[in-house]
Amino acid sequence: MSMADSFKPYLMKIEQISDETPDVKTMRLVFSDEREGKNFSFRTGQFGEYSVFGEGECTFCIASPPTRQGYIECTFRKAGRVTSALSGLEPGEIIGFRGPYGNIFPISDWEGKNLLFIAGGIALPPMRSVIWNVLDLRERYGNITIVYGARTVADLVYKRELAEWAGRSDVKLISTVDPGGETPDWKGEIGFVPTVLGRAAPAIASRDTVAVVCGPPVMIKFTFPVLTKLGFKPENIFTTLENRMKCGVGKCGRCNVGKYFVCKDGPVFTFAQLKDMPQEY
Amino acid sequence: METEKKLIGRGELEKLFSHWRSKGKRILAPKKIGAKIDFAAVTTLEEVCLDQVQTVQSAKTAVFPRVEELFSFKNKDGRVEIRERDQGALPETVIFGLRPCDDAAFAVLKAIFNWDSQDPLFSARMEKVAVIGVSCPRADEYCFCTSAGGGPGGTTGSDILLTEIAPGEYLAEIISEKGRVLAGEAAGLKPCPASVSKEAHLAKVEPVFALERVAPALARLFDDNAFWVEQSLRCLGCGACAYVCPACACFDIQDEGGGSGQRLRCWDSCGFGLFTLHTSGHNPRPVQSQRWRQRLMHKFSYMPERQQVLGCVGCGRCSRACPVDMNILEHLRSVAEAKP
């Protein structure tokens with residue numbers, strides 16, 4: 001019997017906590033039991049159930065890439081009962097983790113292609129895993145472009161990594177904040193993600209390019225027509241769905257979109273698949 | 001295995017009951033509890049009530065309790081200890097006197113819990129359960145098993161099915177290996193003569209809708225908002241239908257007891273607004289009509305496609321329990337008869 005099936009979580013020690021924004025934190029977690037850690041593996045795009053004992057479980061993606069071994073990271077906003085409890089914890093404390101669950105970003109199919117990552121707000125974490133995964137295997141991929149936006153400068157997550165990507169010659173980073181969200185020293189773009197994407201369009205070719213889009217529903221809705229206009233085919237546009245989940249293993253009955261389980265058939269879907277699915281997400 | 005047919009009388013059943021008790025088995029059977037007839041632990045056949053069309057609840061709780069502990073934990077001074085349940089401590093259980101629809105529901109539950117990976121707690125309980133059904137001499141206006149692929153003498157999910165062919169005299173159809181072992185514990189059962197007709201002793205349940213029309217009609221109706229609003233306007237979202245359903249298995253996972261407590265799995269219902277509510281406030285099914293649509297789609301469209309089983313056995317409990325008289329068979333008839 002695997003741990004995943006019994007709902008018994010791994011015990012994880014919080015090794016490091018980074019404040020991303022006033023209410024968003026990233027936690028680096030290591031396995032309390034070294035042997036469990038050695039046997040654990042996951043692939044980019046997968047998620048897990050994180051728990052504070054006595055408070056309950058919460059679903060987040062694994063925000064670190066599988067190429068960085070020995071730990072996993074999660075990024076979350078303090079919002080409900082479990083994330084509030086998580087926010088109050090210190091390095092050294094123990095939390096639970098079940099996973100990995102769900103499908104993956106098919107990055108081996110993307111080898112030799114250009115990659116365009118488009119993210120909004122707190123939706124960068126699932127994309128951060130795949131971005132670092134392909135950057136750690138940089139020679140296998142063509143041009144890599146990242147378009148990332150948030151409401152305000154304060155809402156941008158992973159600021160140190162954004163600076164690192166901005167400084168790399170093999171990555172093109174376009175960061176933006178919504179109009180009014182800029183600070184006097186803001187050097188990036190000002191505008192909503194789909195608008196900024198449209199503006200940058202001449203520099204982005206759809207030929208031999210895969211696009212990955214993660215963000216709030218409204219951002220995804222307005223990004224899709226821009227990508228279509230650029231010539232992207234729906235089967236070359238990937239996204240993740242994030243319905244409420246409890247079990248993570250296709251049994252508890254709430255994450256479905258029509259006949260599809262987000263936890264089993266997703267969380268990664270192409271826009272070609274979304275076109276055939278009811279609007280239940 | 002091939003079904004064996006034997007005759008068994010009340011006297012032999014009584015002996016079997018005491019034999020099971022002597023082996024430490026738990027017997028669950030319909031029993032009169034106040035004004036209700038429901039499944040409860042019994043020790044003798046005397047206590048068993050078979051006069052009812054249906055018990056209030058099915059025997060689902062034997063394999064999927066309303067609340068069950070997944071594990072317990074101690075979270076103290078920066079240390080966490082998890083204590084897993086001892087599944088060996090689950091009692092061997094004979095469930096006696098279920099109607100064939102309830103027997104069939106076990107097959108639905110198996111498909112839900114084990115379609116992709118095995119659910120260890122459910123499977124451990126299921127393994128220890130033997131099912132002895134009793135076919136239906138009577139039905140009521142809520143019964144629609146024959147429209148849901150079953151029947152008043154259906155054998156799906158039973159290890160043994162009994163049909164009363166004369167007062168105190170039963171035809172025993174021994175369906176599974178588990179059933180064969182159980183029946184073997186009653187010495188010298190006579191084979192059933194070919195002249196005995198089971199059908200003559202069964203209730204007549206006429207089909208009320210064409211099942212094969214339901215799934216295609218649901219697919220067509222998915223985006224027909226007016227249809228679903230009209231169908232569900234009365235629905236209170238109370239979830240009673242899910243809580244009496246023998247085939248509903250949606251669940252929640254919650255912690256209780258603070259730092260030294262348990263992680264629990266509890267029944268849940270797609271009829272509740274909280275069921276799909278995101279932390280952000282976004283809800284993929286924000287209104288009751290969408291939640292009612294989900295209930296029908298899940299049972300009659302998604303499950304047949306993904307788990308190769310219908311999510312409904314036609315027992316009619318949801319209709320009997322509904323405080324605003326929503327009768328599922330009327331709704332299914334409306335779906336089946338909706339114009340393309």
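# Close-up views of a predicted two-chain model

The model shown in every view is predicted.

**Figure 1. Overall dimensions and secondary structure of chains A and B.** The C-alpha trace of chain B spans about 65 × 65 × 40 Å along its principal axes. Chain B contains 10 helices and 12 strands. Chain A holds eight helices and 15 strands, and its C-alpha trace extends over about 50 × 45 × 35 Å along the principal axes. For the 281 residues of chain A, a compact globule would have a radius of gyration near 19 Å; the value for chain A is 18 Å, which agrees.

**Figure 2. Contact between chain A and chain B.** Chain A contributes 32 residues to this contact, and chain B contributes 38 residues. On the side of chain A that touches chain B, helix H1 (3–6) and strand E4 (56–61) of chain A each supply at least two residues. By class, the residues on that side of chain A comprise 11 nonpolar, nine polar and 12 charged.

**Figure 3. The two domains of chain A.** Domain 1 covers residues 3–101 of chain A, and domain 2 covers residues 114–244. The centres of domain 1 and domain 2 of chain A, taken over C-alpha atoms, are separated by 25 Å. In the contact between them, 15 residues of domain 1 of chain A meet 14 residues of domain 2 of chain A. Strand E1 (10–21) and strand E5 (72–77) of chain A are the elements that give two or more residues to the side of domain 1 that touches domain 2. That side of domain 1 of chain A is made up of six nonpolar, six polar and three charged residues.

**Figure 4. The seven-stranded open sheet of chain A.** The strand order in this sheet of chain A is E10-E9-E8-E7-E11-E12-E15, and the pairing is mixed. Strand E10 (189–190) and strand E15 (268–270) of chain A stand at the edges; each has a single partner strand, so one side of each is left without a neighbour in the sheet. Within the sheet, strand E11 (residues 209–214) and strand E12 (residues 237–240) of chain A are paired in the parallel sense over three bridges. Ala211(A) has Ile237(A), in E12(A), as its bridge partner.

**Figure 5. Helices packed on the sheet of chain A.** Helix H5 (residues 159–167) of chain A packs on the sheet and touches strand E8 (144–150) and strand E9 (172–177) of chain A. The direction of H5(A) makes about 135° with that of E9(A). Helix H7 (residues 217–229) of chain A lies across strand E7 (114–120), E11 and E12 of chain A. Relative to E11(A), helix H7(A) runs at about 165°.

**Figure 6. Packing of helix H5 of chain B against helix H10 of chain B.** Helix H5 (residues 211–221) and helix H10 (residues 328–337) of chain B pack at an angle of about 75°, and their axes are 8 Å apart. The angle makes H5(B) roughly perpendicular to H10(B). From H5(B), the contact involves Arg213(B), Val214(B), Ala217(B), Leu218(B) and Leu221(B), while H10(B) provides Leu332(B), Val335(B) and Ala336(B). The classes represented in this contact of H5(B) with H10(B) are seven nonpolar, no polar and one charged residues.

**Figure 7. Packing of helix H5 of chain B against helix H8 of chain B.** The axes of H5(B) and helix H8 (residues 288–306) of chain B come within 9 Å, crossing at roughly 110°. On H5(B), the contact is formed by Val214(B), Ala215(B), Leu218(B) and Ala219(B). On H8(B), the contributing residues are Leu296(B), Met297(B), Phe300(B), Ser301(B) and Pro304(B). The contact of H5(B) with H8(B) consists of eight nonpolar, one polar and no charged residues.

**Figure 8. Local backbone features of chain A.** The peptide bond from Gly99(A) to Pro100(A) is cis, with omega near 0°, and Pro100(A) lies in strand E6 (residues 94–101) of chain A. A cis peptide bond also joins Gly266(A) and Pro267(A), with omega about 10°. Pro267(A) is located in the loop between strand E14 (260–261) and E15 of chain A. Tyr158(A), a residue other than glycine, has a positive phi near 55°; the place of Tyr158(A) is in the loop between E8 and H5 of chain A.

Conventions
Residues numbered from 1 in each chain as written. Chains lettered and ligands numbered in written order. Predicted model: local features only at pLDDT ≥ 70, side-chain atom pairs only at ≥ 80, totals over all residues. Pairing = 2+ DSSP bridges. Helix = DSSP H or I, 4+ residues; strand = E, 2+ residues; numbered from the N terminus. Contact = placed C-beta atoms within 7 Å. Axes fitted to C-alpha atoms, helices over the stretch in contact; angles between N-to-C directions. Nonpolar A, V, L, I, M, F, W, Y, C, P; charged D, E, K, R; others polar. Parallel < 35°, antiparallel > 145°, perpendicular 65-115°, else oblique. Domains from an automatic or database assignment. Rg over C-alpha atoms; globule rule 2.2 N^0.38 Å.
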